[in-house]
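Hi,

Here is the structure I promised to pass on.

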Amino acid sequence: MSVSDPMPSVPLAPPASRASLVSPASTATSASAASSAPLPRRRSLLLGGGALGAVALLSGCSGDSEPRRDADSDAAVALLRARGARDSAALLARYDATVDAHPALARRLAPLREETARHVAVFTAKDRSASPSATASRSPSAGGERVPEVPESEKKALSALAQAERRTADARTTALATAPPELARLLASVAACGAAHVYLLTRHDAD
C-alpha cells in the first residue's frame, strides 16, 4: 500500500442508548428505594395507632384507679376511727373500774371520765360535723373485754390511769402521720387532751 492510498475506514460502534448508560447497581438502588417508599408512612401510622392505644390504656387505668384510691382512703379512715373509739372505750372502762375500786376518787376523776366518754362518742359518730356530748352512763368495758385490774393503792391506781392515758396519747400522735387532715386534727386534739389528763392524774404525786 502506498502512502498516497487512503487509510481504510473503521466502522464506529453505534452510540449507547440512555438506558444502557444506567449501571445495574443504580437500577437496584432505585428499585429498592421505590419499594421502601411507603414504609415510613406505614410505620408512622402504626406508631401513631400504638401511641393512641397507649394513651387510651393509661387513661383507662387512671380512671379506674381513682375509685380504688378513694375506697382505700375511706377504709383507712374507718380503721383509724375504730381504733380511736376502741382506745377511748378502754380508757373509759379503766376509769369506771378505778372509781368502783376507790369511790373516794370519783369526784376527782369525774371530769376526766366525761371527756373520755366524749372521745368515744366523737370517734363513733356517723355525722362527723356534730359534737356529741359526753354520756354519763357507764360504757361497756373496751368493747366487751374484761374489766381492767386496779391496784389497791389509790396512788398506784392513779399512776396506772396516767400510764394508760400516756400510751393512748402516744399511739394517737403516731397515727397522725397516716391520717387525712380532718381526722388528724381530731387525733391531735384528743392526744393533747390525754396529755392534760396525765398531768392532772400525776399532779398531786409531785406535790
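**What I found**

Leu158 is buried, with a relative accessible area of 4% (buried means under 20%, exposed over 50%, partly exposed in between, with a 1.4 Å probe and protein chains only). Bear in mind that this is a predicted model, in which local features need pLDDT of at least 70, side-chain atom pairs count only at pLDDT 80 or more, and totals for chains, interfaces and linings use all residues. Residues are numbered from 1 along each chain as its sequence is written, and side-chain values use heavy atoms, with hydrogens and water left out.

Back to Leu158, which sits in helix H4 (helices, H or I of at least four residues, and strands, E of at least two, are DSSP runs numbered from the N terminus). Leaving aside residues up to four places away in sequence, Leu158 touches Leu105, Arg108, Leu109 and Leu201, where contact means heavy atoms within 4.5 Å. Its C-alpha atom is separated by 7.3 Å from that of Thr202, 44 residues apart along the chain.

Now the overall picture. The chain has 5 helices and 0 strands, so to speak α-α-α-α-α from the N terminus on. Of its 207 residues, 26% are buried. Take the contacts between residues at least 6 apart in sequence: 75% of them join residues at least 24 apart.

How far does the confidence go? The mean pLDDT of the chain is 72, and 54% of its residues reach 70 or more (pLDDT is the predictor's confidence in each residue, from 0 to 100). Residues 10-40 have pLDDT below 50, and this stretch has 2 contacts in the model beyond near neighbours in sequence. Where pLDDT is low, the predicted coordinates should not be read in detail.

Next, the helix pair. Two packed helices are described by the angle between their axes and the distance between the axes. For H3 and H4 (residues 154-175), the axes come within 14 Å and cross at roughly 30°; axes here are lines fitted to C-alpha atoms, for helices over the stretch in contact, and angles run from 0 to 180 degrees between N-to-C directions. H3 and H4 are therefore roughly parallel to each other (angles under 35 degrees count as roughly parallel, over 145 as roughly antiparallel, 65 to 115 as roughly perpendicular and the rest as oblique). Arg108, Leu109, Thr116 and Phe123 on the H3 side meet Leu158, Leu161, Glu165 and Arg172 on the H4 side.

Thr98, in helix H2, is buried too, at a relative accessible area of 1%. It touches Leu105, Leu109, Val150, Ala157 and Leu161, again not counting residues up to four places away. In contrast, Glu152 in the loop between H3 and H4 is exposed, at 79%.

Finally, charges: there are 2 salt bridges, each a side-chain nitrogen of Lys or Arg within 4 Å of a carboxyl oxygen of Asp or Glu. One joins Asp96 and Arg113 (2.6 Å, N to O). This pair links distant parts of the chain, with Asp96 in H2 (residues 38-101) and Arg113 in H3 (residues 106-124), 17 residues apart. Both Asp96 and Arg113 are buried. Another joins Arg86 and Asp87 (3.4 Å, N to O), and Arg86 is partly exposed, at 45%.

Cheers
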